[in-house]
Amino acid sequence: MRNRWVICSLLFAGATINYVDRQVLAVLKPTLQAELGWSEVGYGHIVTAFQAAYAVGMLLVGRFIDRVGARAGLAATAAFWALATMAHAAARGVLGFSAARAALGLGEAGLFPAGGKAIAEHFPQRERSLAMGLLNAGTNVGPIACPLLAPWLVSTVGWRGTFVAMGALALAWIAPWRAVCPPPRPDPRPAGERELWGWRRLLAHREAWAIALAKLITDPVWWLYLFWIPDFLHRAHGLDLRHLGPPLVAIYALSFFGGIAGGGLSSRLLRRGWSPNAARKTAMLVAAVAVLPILRLGAARGTSLWTAVGILGLAVGAHQAFSANLLTLPSDLFPLPSVASMMGLGGMGGAIGGIVIAQTAGHILELTGSYHALFVMAAAAYFVALGLLHALSPRLAPVARAAAEAAA
């Protein structure tokens, strides 16, 4: 299908808007705290409301998308998160913002289950990891675009108008998505491979646990990068808010290309005749090795700013490369009607890991004042996840086929 890359481009744009809408609160935090008198504890409650709802939403929304399809499901969840973003404008205190963030978490949870299902519906297996890498790249552009766009909007329409405008971006995206993404074609596979699996049936397979545990272990590293890199640059290099922009843009620009390269690597290996098992795991191993230089930042003193930026950009890009391949596994291993459910299950594991790292990182930094232990954890996470994935699914064989072979 010629327009599959147009579909992928719209998924990339949707991911960018998703992260712009997610990040705007963090960008406006100083303004809102000054005007509304939030405490740090109150802000923590607001953030936790999003993360908890996002974790639950991954599970529920994944099932919803498998029932209605990626085209309709992503349009519906985008409309929901758009209205939730706008609802921030009506909030007056911690409770109101917590409610709006919880609604936002539920809606934004639809992006990856729907995006992964759309890619499974419209892309051949050899192209899926590259397409997933492009989708995932939007999560790097959003954190760059939001700090550039939000201050201008605040100066023009105020902070309440900014939330309304950011929500309108998602609403505007829905029409082209529905116009370009067609309903899926009839599935030619046997009837037994076209039914929506229940949670018990999904969890009966080790492959489901492999994906969920790998997400639980590696996704916290992404949240660590997203929320603590500015603090690391401040502690290690004395950067204030005025000087954080260029280093952060450079880090996320490297991450953007890293994610595409990681997805493209396994797609290229598949085109050369490698098995999905060898191609996916090789790409993940390369990504895991690429994270190792981050150990230098925790142990060494006197690392220059731009050396640190290069190492961090490589590490964040390697995470995205690993993630592009990991996010492709539900469509490699599970029947198409259950792909979004499986992605939601894995996403819930990753979201729970994000909640855990938020608490762990704060306690470690308060106790040690150093990022060394956190960077050691980050470097080790991918090897542990890949080891578990290989132990639980040595061949990455599709579960329906594996079950049939076992029965025979």
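Tutor: A salt bridge is a side-chain nitrogen of Lys or Arg within 4 Å of a carboxyl oxygen of Asp or Glu. Keep in mind that this is a predicted model, where local features need pLDDT of at least 70, side-chain atom pairs count only at pLDDT 80 or more, and totals for chains, interfaces and linings use all residues. Residues are numbered from 1 along each chain as its sequence is written, and side-chain values use heavy atoms, with hydrogens and water left out.

Student: Which residues form the nonpolar patch on the surface?

Tutor: L285, V289, L292, L295, V376 and F383, which together have about 430 Å² of accessible area (Shrake-Rupley method, 1.4 Å probe, with only the protein chains shown as cover for residues). Two or more of these residues come from each of α10 (276-291) and α15 (372-392). Helices here are DSSP runs of H or I with at least four residues, numbered from the N terminus.

Student: Why does V289 count as partly exposed?

Tutor: Buried means under 20% relative accessible area, exposed means over 50%, and partly exposed is in between (1.4 Å probe, protein chains only). V289, in helix α10, has 43% relative accessibility, so V289 is partly exposed.

Student: What makes H319 and L104 buried?

Tutor: H319 sits in helix α12 (residues 305-326) and has a relative accessible area of 3%, so H319 is buried. L104 belongs to helix α4 (residues 94-108), and its relative accessibility is 0%, so L104 is buried too.

Student: How do you know that there are zero disulfides?

Tutor: A disulfide is a pair of cysteine sulfur atoms within 2.5 Å, and a search of the whole structure finds zero of them. Take C8: the closest cysteine sulfur, in C181, is 11 Å from its own sulfur, so that pair is too far apart for a bond. C8 is also buried, at 1% relative accessibility, and C146 is buried at 0%.

Student: Which residues gather in the patch of positive charge?

Tutor: R126, R268, R271 and R272, on the surface. Lys and Arg count as positive and Asp and Glu as negative, while His and the chain ends are not counted. The place of a charge is taken as NZ of Lys, CZ of Arg, CG of Asp or CD of Glu. One of the four, R271, lies in helix α9 (residues 245-271).

Key
Patch = residues over 30% accessible without salt bridge, like charges linked within 9 Å, V, L, I, M, F, W, Y side chains within 5 Å.
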